[in-house]
Amino acid sequence: MKPSDRFYAKAIHLWESYLDHPFVKGIGDGTLSHERFRYYLIQDHKYLMQYAKVFALGVVKSSSEDDMRLFADLIAATLDTENAVHRTYLAELGVADDAIQRAPMALNNKSYTDYMIAQAAKGGLPEIAVAVLACSWSYKIIGDHLSVERDGRHDPFYHRWIAMYSSEEYRDANDVMIELVDRHCADLPEEHLARLDEILLDCSRYEYQFWDMAWSQGETYTPYPT
């Protein structure tokens, strides 16, 4: 079994639970309020800035030029591609750059990103690869689900969001993440893999809390599925 198959089996029940969250369902059927989506976009912008720092630690900890270039490309994709969609939406919603910067980072968001950075800082490339896997892979699952569920008939406002995360480009980007995990986690002892399982599940639970935070527009801690 490849490491990615192991991790998928461990986390898929959590990732699929996001599909029933009212925030995710609201994007799919177009009923999500723009106010809630605005809050999510601001917090996700702040999340992505920290997410990029995890990749930056990958550059620092890489021993090969190929890995350094890969992590550098992932930083650029996070800042220039995924974040660009957020910026476009925020501009349409009338949120200026200074308002984004002034908005406080929600406690859930800070705790999640601090956790990822801490695991990346004290670990190696396996920890870095696994820490970002829950976000990357679960968004693909969400994008694919919403695209199929609605058969392409999406609310015009949310169509671009769904289209991005169900796109061939995003699938390819997630495949890069899976390949990174398989390459750096192969042949690790069971004790190390068990620790990576824990990181993956922690990040997957944080992902659920992120959707819940976006729905409530605050720092709630609704219990996540076990």
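Buried here means under 20% relative accessible area and exposed over 50%, with partly exposed in between (1.4 Å probe, protein chains only). The model is a predicted one, where local features need pLDDT of at least 70, side-chain atom pairs count only at pLDDT 80 or more, and totals for chains, interfaces and linings use all residues. Residues are numbered from 1 along each chain as its sequence is written, and side-chain values use heavy atoms, leaving out hydrogens and water.

Now to the charged pairs. Side chains of opposite charge can pair when their charged atoms come close. A salt bridge is counted when a side-chain nitrogen of Lys or Arg sits within 4 Å of a carboxyl oxygen of Asp or Glu, and the structure holds 15 of them.

One of these pairs E92 with R160, with 2.9 Å between the closest N and O atoms. Since E92 belongs to helix α4 (residues 65–92) and R160 to helix α9 (residues 156–165), the bridge ties together parts 68 residues apart in sequence. Helices (H or I, at least four residues) are DSSP runs, numbered from the N terminus. Both ends are partly exposed: E92 has a relative accessible area of 47%, and R160 one of 33%.

Helix α11 (residues 190–216) supplies D197, whose partner K10 lies in helix α1 (residues 3–17), 187 residues away. D197 is buried at 6% relative accessible area, while K10 is partly exposed at 37%.

R205 comes out partly exposed, at 24%. Finally, shared partners join R6, K10, E190 and D197 into one salt-bridge network.

Technical notes: Helix = DSSP H or I, 4+ residues; strand = E, 2+ residues; numbered from the N terminus.
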